[in-house]
Amino acid sequence: DTGSAAAIPINEVDIAYVTPVTVGTPPQTLMLDLDTGSSDLWVFSSLTPSSQIRGQEIYTPTKSSTSQLLNGHTWSIRYGDGSSSRGTVFTDNFTIGGLEVKSQAVQTAQEVSSSFTQEQSLDGLVGLGFSTLNTVRPSSQLTFFDNARPNLDEEVFTADLKYHATGTYDFGFIDSKKHNGTITYTPVQPSPGYWTHSLSGYSVGSGAFQSSQISGISDTGTTLLYLPTAIVTAYYRQVQGAQNSQYYGGYVFPCASTLPTFTFGIEGARFTIPASYINYTRISPTSTTCYGGLQSSSGLGINIFGDVALKAAFVVFSGTNPPRIGFAPK
Ligand SMILES: CC(C)(C)S(=O)(=O)N[C@@H](Cc1ccccc1)C(=O)N[C@@H](Cc1c[nH]c[nH+]1)C(=O)N[C@@H](CC1CCCCC1)C(O)(O)C(F)(F)C(=O)NCCN1CCOCC1
């Protein structure tokens, strides 16, 4: 089997991407954020207090003839940005881009934090990390990818995220039309459950490439690129008027400043992030100060290769044994 679905930016600065999925019989369509940085599939639901719902679509298990309560199971998750959700669990038919998994664990929210309530274009998440990170107790559940794997033509899913445009997630095949040139693979460390791998180095603008192993996670659920402070200061040293603002919690600069590109290495291959991706957003609609798409990871305890980096490549998440991740130009 294979599947292919759109990755649609939810706002004009690509803060996140959502993908249409269907749950249950007859199918209920929701827009979910496919997130390689976590492994819970959870949705706004008929069990979510109406005071916490603001425009999101919900899954109503009682309207589905194929839903089954997973008795006595609960879940609770907290994300890096402090947002959280918790609830109960049903199994039901679940489809992404024509690829169906029967009796997928669908985690129904009984409580969501305010940042989820405020994000009306996001109806929940599909965790595509390793199933070891799943928070359902007493027995943890498998991700959509782990459930689909036995039926996939190839044990892969790919992310073709785009800058200010709709991209695609494919399951079970590598679409050669979506990338040009070879795919460079590098090993993934699947413990504790992220797609953890190393970059082989970086360069700023036309500067010399600095070879150094930089370990981090390729995370479709994180907006920006978070790297060690030394690399980030070297980058913003090239930007007129840039400063690391305590107030804004990161590097800001005059929107009119010229930004250099940023290149990262995967093994021997090189991927260049255009300056426009790093000129992330104005700090407020009328401001002439802009917030950078490259920020320091020092507060996170982990380097995160988020959407700002991933949208500069065609990325293959390979669930083979051993797992690996591939990057190709596009
Ligand atoms: C634009 C921005 C100021 C950088 S943002 O912070 O607002 N962007 C958020 C994503 C977002 C999109 C839309 C609306 C609201 C928030 C962002 O990038 N958050 C990251 C990480 C972060 C930390 N600090 C700054 N950023 C995050 O938490 N990403 C998680 C998924 C998000 C959660 C909020 C909703 C959108 C999806 C994540 O799953 O990718 C994660 F890996 F970071 C994470 O937290 N994974 C949870 C891992 N646990 C480990 C223990 O077992 C359970 C799972």
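Asp 14 sits in the loop that joins strand S1 (3–9) to strand S2 (17–23), and in this predicted model the residue has a positive phi of about 55° although it is not a glycine. The side chain of Asp 14 also meets that of Lys 311 in a salt bridge, with 2.8 Å from N to O. Between domain 1 and domain 2 the count is one salt bridge.

The domain assignment divides the protein chain into domain 1 (3–171) and domain 2 (179–328), and the centres of domain 1 and domain 2, taken over C-alpha atoms, are separated by 25 Å. Across the boundary, 26 residues of domain 1 are in contact with 27 residues of domain 2, and the area buried between domain 1 and domain 2 is about 2200 Å², with 56% of that area given by carbon and sulfur atoms. On the side of domain 1, Thr 36, Phe 130 and Tyr 163 supply 28% of the area buried against domain 2, which is more than any other three residues.

Polar contacts also join the two domains, with a count of 16 residue pairs, both residues at pLDDT 80 or more. Strand S3 (28–35) and strand S9 (156–162) each supply at least two residues of the side of domain 1 that touches domain 2, and S9 gives the most to that side, with seven residues. By residue class, the side of domain 1 that touches domain 2 divides into 14 nonpolar, five polar and seven charged residues.

The disulfide count comes to one. This link is formed by Cys 255 and Cys 290, whose sulfur atoms are 2.1 Å apart, and it is right-handed, with 105° about the S-S bond. Because Cys 255 lies in the loop between strand S16 (250–254) and strand S17 (262–266), while Cys 290 belongs to strand S20 (residues 289–292), the pair ties together parts that are 35 residues apart in sequence. In general, a disulfide is a covalent bond between the sulfur atoms of two cysteines.

Terms used. Residues numbered from 1 in each chain as written. Predicted model: local features only at pLDDT ≥ 70, side-chain atom pairs only at ≥ 80, totals over all residues. Heavy atoms only, no water. Domains from an automatic or database assignment. Contact = heavy atoms within 4.5 Å. Buried area = accessible area lost by both parts, 1.4 Å probe. Salt bridge = Lys/Arg side-chain N within 4 Å of Asp/Glu carboxyl O. Polar contact = N/O pair within 3.5 Å; in protein donor to acceptor, adjacent residues only side chain to side chain. Helix = DSSP H or I, 4+ residues; strand = E, 2+ residues; numbered from the N terminus. Nonpolar A, V, L, I, M, F, W, Y, C, P; charged D, E, K, R; others polar. Disulfide = S-S within 2.5 Å.
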